[in-house]
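Please read it beside the sequence and the coordinates.

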Amino acid sequence: ANYSSTMAAFGLGRALTTLTRQIPVLGAGCAVRSIATPSTIPHFNTRAINRAKEQAALRGRPDPFKGLPLVWHASIKNTDTSVWKLNLVAKLIRGMTVEDAIKQAQFSPKKAAKYILRVLHTARSFASRDGAEDLSKLWVKESYCGKGHNTKGIRYHGRSRSGKTVHPKTHLYVKLQQGSPPSKRIQRLKRDEWQRLQREKLLAKPPRVRHSLETY
């Protein structure tokens with residue numbers, strides 16, 4: 001009985017997998033859709049936003065993300081460079097149009113520029129696949145990097161000695177948005193406003209310094 005139920009469950013799982021693979025997936029990096037849920041809109045490609053859209057459709061509510069500009073994501077994992085070196089190029093293209101960002105990455109003498117160029121081409125291909133109106137009107141809304149899975153190694157010294165070394169790995173994330181980029185003045189105002197809010201939050205609730213003699 002256990003063998004029959006296991007084989008039946010295995011056959012049902014294979015059938016569902018086959019039906020799911022036959023459904024075309026829209027959007028870059030969209031999660032695989034379930035058969036009973038409505039179609040995923042290629043507007044956003046994160047699971048949380050897709051889930052919010054599906055729940056709103058099932059409850060008969062309007063789309064909470066209707067009217068927002070189209071956004072496409074692209075990323076590359078575990079690049080052979082450090083966060084510091086990759087961030088020098090990642091923050092350079094932030095707020096630029098795609099054409100200008102590609103030109104900056106092509107003529108940059110830094111090694112990390114090749115990873116930026118690869119991710120930009122990938123994100124632009126996602127936009128072309130999803131039917132973007134004009135590829136020249138895309139701009140880099142977000143470009144940031146984070147620590148990857150660093151690997152350890154051995155550094156060899158003289159006189160039969162050795163030490164430790166770390167080979168850094170870095171993740172890179174890029175988000176393209178359709179439309180015209182904001183001016184440099186608007187970007188500076190948003191940055192200054194965010195810094196002001198962070199300072200006010202720190203002053204309103206300063207961090208409490210605890211020492212070893214304090215009773216918790």
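1. Leaving aside its neighbours within four places in sequence, Leu120 is in contact with Ile93, Ala101, Ile102, Val140, Val174 and Leu176, where contact means heavy atoms within 4.5 Å. Leu120 is also among the residues that touch the most other members of the largest nonpolar core, together with Leu86, Ile116, Val140, Leu172 and Leu176, in a set of 28 residues. A nonpolar core is here a set of buried Ala, Val, Leu, Ile, Met, Phe, Trp, Tyr and Cys residues joined through side-chain atoms within 4.5 Å, and buried means under 20% relative accessible area, exposed over 50%, and partly exposed in between (1.4 Å probe, protein chains only). Two or more residues of this core come from each of β1 (71-79), α3 (83-90), α4 (98-106), α5 (113-129), β2 (138-147) and β5, and α5 gives the most, with eight residues.

2. On provenance, this is a predicted model, in which local features need pLDDT of at least 70 and side-chain atom pairs count only at pLDDT 80 or more, while totals for chains, interfaces and linings use all residues. Residues are numbered from 1 along each chain as its sequence is written, and side-chain values use heavy atoms, with hydrogens and water left out.

3. The mean pLDDT (the predictor's confidence in each residue, from 0 to 100) of the protein is 79, and 75% of its residues reach 70 or more. Over residues 2-44, however, the pLDDT is below 50, although this stretch has 53 contacts in the model beyond near neighbours in sequence. Where pLDDT is low, the predicted coordinates should not be read in detail.

4. The protein has six helices and five strands, which run α-α-β-α-α-α-β-β-β-β-α from the N terminus on; these are DSSP runs, helices being H or I of at least four residues and strands E of at least two, numbered from the N terminus. Of the contacts in the protein with a separation of 6 or more, 62% are between residues 24 or more positions apart. Buried residues make up 29% of the 216 residues.

5. Lys169 counts as buried because its relative accessible area is 18%.

6. Asn78, in strand β1, has a positive phi near 55° and is partly exposed, with a relative accessible area of 32%. Arg159, in the loop between β3 (151-156) and β4, has a positive phi of about 55° and is exposed, with a relative accessible area of 77%.

7. The largest pocket has a volume of about 370 Å³ and is lined by 15 residues, of which Arg94, Gly95, Trp139, Lys141 and Gln187 lie nearest its centre. Two or more lining residues come from each of β2 and α6 (184-204), and β2 gives the most, with six. A pocket is an open set of points on a 1 Å grid over the protein atoms alone, where a 1.4 Å probe fits, with protein on both sides within 12 Å along at least five of seven lines, and lining residues have an atom within 4 Å of a point. Grid points are joined across faces, edges and corners, and the volume is the space filled by probe spheres set on them.
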